[in-house]
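This report concerns one protein chain and its local features. The sequence and structure are shown first, and the description follows.

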Amino acid sequence: MASHKEVEVKFRVDDVRALTRKLRAAGFRQITPRTHEMNTLYDLPGQPLWRRGELLRLRRYGKEWLLTHKAKGKAGRHKMREETETKISDGKKMDTILRALGFEPSFRYEKFRAEWDDGKGHVVVDQTPIGNFGEIEGPPRWIDATARRLGIQQRDYITQNYAGLFQQWRQRTGSPAEEMTFKAVRKRRARTKR
């Protein structure tokens, strides 16, 4: 089980290919190709984890399962929080265990993620149902230096999680989709075009 201080920022990506070229030019190497990821957040009745600013997540990334707890974070220029994560051999059984303990799924979101590394930190490129995003994770000074090398301004930093970004997107678009999955968002878009 790994526990560490997560320090990161997100940013919007208009052109995934252009960002990929910039990452290569900046000396990054791709450590994981574009891989499907499905995430389920869990909470207890009354949502005490969400109210405390915490997160309990079961993630399927390709064929791998991860269970993650994120403590309440501090959002300044960068988002910082303690993260504890462990691999799970059987995500369906973990879901059964969580439900038996009183936890229920509170939000689902999916994306396609590619991971990049330069030996000092990590950049991911996420293609989601509500747009493309990148994340830069590492020491704060390295994050800022990497952002500059990739042409990202500090005013473009996002410290919200995907649940928060999805809620903003719903308010902006008027979408009734309740989860950030390609199927839910596509279905709602198709109904509004009729």
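Two strands are said to pair if DSSP finds at least two bridges between them. In this predicted model, Leu 67 stands opposite Thr 86 of strand S6. Strand S4 and strand S6 (residues 79-88) run antiparallel and are joined by 6 bridges. S4 also pairs with strand S3 (residues 55-61), again in the antiparallel sense, over 7 bridges.

| Strand pair | Sense | Bridges |
|---|---|---|
| S3 and S4 | antiparallel | 7 bridges |
| S4 and S6 | antiparallel | 6 bridges |

S3 and S4 form a hairpin in which 2 residues lie between the strands. Gly 62, in the turn, has a positive phi of about 65 degrees. Strand S4 (residues 64-70) is largely enclosed by the rest of the structure, because 5 of its 7 residues are buried.

Helix H1 spans residues 16-25, and its buried residues include Ala 18, Leu 19, Thr 20 and Leu 23. At the start of H1, a side-chain oxygen of Asp 15 comes to within 3.1 Å of the backbone nitrogen of Arg 17. Gly 27 follows H1 and has a positive phi, near 90 degrees.

As to confidence, the pLDDT of the chain averages 93, and 95% of the residues score at least 70. Confidence is highest in helix H3 (residues 91-100), at 98, and lowest in helix H6 (residues 182-193), where the mean is 71.

Technical notes. Residues are numbered from 1 along each chain as its sequence is written. This is a predicted model: local features need pLDDT of at least 70, side-chain atom pairs count only at pLDDT 80 or more; totals for chains, interfaces and linings use all residues. Side-chain values use heavy atoms; hydrogens and water are left out. Buried means under 20% relative accessible area, exposed over 50%, partly exposed in between (1.4 Å probe, protein chains only). Helices (H or I, at least four residues) and strands (E, at least two) are DSSP runs, numbered from the N terminus. A polar contact is a pair of N or O atoms within 3.5 Å; within protein, one must be able to donate a hydrogen and the other to accept it, and residues adjacent in sequence count only if both atoms are side-chain atoms. pLDDT is the predictor's confidence in each residue, from 0 to 100.
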